[in-house]
Amino acid sequence: MSTETVYQLNPLFRLQWEEAQQCYVLLYPEGMVQLGASSAEILKCIDGEKSVQMIADDLSAKFDDDSVAGDVIEFFDVAAKQGWLNANT
Amino acid sequence: MQTPERAGPPLWLLAELTYSCPLQCPYCSNPLDMADHKTELTTEEWIKVLRDARKMGATQLGFSGGEPLVRKDLEILIAEARSLGYYTNLITSGVGMDEARVKAFREAGLDHIQVSFQASSEELNNFLCGSDSFQHKLEMARQVKAQGYPMVLNFVLHRHNIDDVAAILELSKALEADYVELATTQYYGWAKHNQNNLMPTREQVKSAEAIAHQYQKDLEGQMRILYVVPDYFEDRPKPCMNGWGSIFLTIAPDGTALPCHSARIIPGLELPNVKQQSVDWIWHESPDFKKFRGFEWMKEPCRSCDEKEKDFGGCRCQALMLTGDASNTDPVCDKSPQHDALLAQVAEIEAQQVTEQPLVFRNMRESKKLSRQTN
């Protein structure tokens, strides 16, 4: 994965807030992943236009913490391997 | 931790819309006495169930059956479910669908279609389901993909098709399936009745598993393969339903609420019905849903077992069918005192490998016949 990659959410998945669970979830055929607050925050930024680096910088600025960028990049790596994301080509 | 009194939401709602089905698969998990339970909830009654369960936190919704396509109001139910925020799954044979209906479901907001096949060859497929449906299923699978749905293909494996796992996975690859479920027959309902004629040999299971694992490796990132192991060949039971009354709620066609689709066989249940009781009361208060919820109901060896939170003692229906008592340890577990008896039974079936008893196909006529025999 390059930090210049632009991702979008794999259309097989749906990101949704669940009131009863008080968390965001990723829904897919017959399954569900409950997301932690930071994972959800990152996934919400994915719009098919911003690169991994841009999202990492945005969130670092938003939370005023330089260490956030590294966590974001690491998350993208995991999420892509999980099949949650498709790279724009 | 779950206790009988404290349960999380029913995250998974299975709506068995009807027991009607144009197919007659002899491994169907529907109850043998389905002909006695043919009444069906109305559209309005189903909508109320969907709303009430969603309010409680239900997220995944399966439209199942029988064949859910038989219901003419399926489009209405899908639209309602989607607007409520469910992830909607249609679990179907594909028979009763055409290009226009696949499109109409998409417009109503359906998220996913799971198409079942009986085999990778036309001849065996059509024999097993008692219908010339193979070509139509292929066409429907292509439509599902063409119209942008994620596609799960489901194959139930048994003695007659388990040797074709490679061909099954090649077919799935050609159809561009996103997920493939290779589900070795679980012995409930019609499958239990036909067990002697369905159970594969240990050798067959081993070789199918090896092939499935090879494909899993080769197709990683392209097609996800779920291989459901045949639990009679295991030494630990499956965590059935993730625990009784834990996340799973089935509503049968007539409105009976069940902790799993075959629970009706367990004696002593009161079988609450959504026509008389609220979904909330059924889930939280009804004696049925508390009966095996949590861990307090367990006997030894489960009670003191350090794995009980992993497998919840296995399957209650299986414990009943194999030991006569639903609160016993599932005998698939090698800690169960009845495990050896199960092994002996499996070995006996394997030794026979002769089909003295013909397959009994799942249909209303056979169901009535079987009901008469037991009553």
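Start by selecting Phe117(B) in this predicted model.

Now widen the selection. Phe117(B) is one of the residues with the most contacts inside the largest nonpolar core, along with Leu13(B), Phe63(B) and Leu182(B). That core has 81 residues. Which helix gives the most to it? Pick residues 43-56 of chain B: this is helix α1, and it supplies 6 residues. Apart from this core lies another one, of 27 residues; click Met34(B), Ala252(B), Phe292(B) and Phe312(B) to see some of its members. As a rule, nonpolar side chains in soluble globular proteins tend to be buried together.

Stay in chain B and go to helix α11, residues 287-291, where you'll find Asp288(B). Asp288(B) is buried but has no salt bridge. How far away is the nearest side chain of opposite charge? That's Lys291(B), at 6.8 Å. Instead, look at the backbone nitrogen of Leu271(B), 2.8 Å from a polar atom of the Asp288(B) side chain.

Last stop: chain A, helix α1, residues 37-45. Colour its buried residues: Ser39(A), Ala40(A), Ile42(A), Leu43(A) and Cys45(A). Then show what covers them, including strands β1 (7-9), β2 (14-18), β3 (23-28) and β5 (85-87), plus helices α2 (52-63) and α3 (67-81), in chain A.

Technical notes. Residues are numbered from 1 along each chain as its sequence is written. Chains are lettered from A and ligands numbered from 1 in the order in which they are written. This is a predicted model: local features need pLDDT of at least 70, side-chain atom pairs count only at pLDDT 80 or more; totals for chains, interfaces and linings use all residues. Side-chain values use heavy atoms; hydrogens and water are left out. A nonpolar core is a set of buried Ala, Val, Leu, Ile, Met, Phe, Trp, Tyr and Cys residues joined through side-chain atoms within 4.5 Å. Buried means under 20% relative accessible area, exposed over 50%, partly exposed in between (1.4 Å probe, protein chains only). Helices (H or I, at least four residues) and strands (E, at least two) are DSSP runs, numbered from the N terminus. Contact means heavy atoms within 4.5 Å. Lys and Arg count as positive and Asp and Glu as negative; His and the chain ends are not counted. A salt bridge is a side-chain nitrogen of Lys or Arg within 4 Å of a carboxyl oxygen of Asp or Glu. A polar contact is a pair of N or O atoms within 3.5 Å; within protein, one must be able to donate a hydrogen and the other to accept it, and residues adjacent in sequence count only if both atoms are side-chain atoms. Lists of a residue's contacts leave out its neighbours within four places in sequence.
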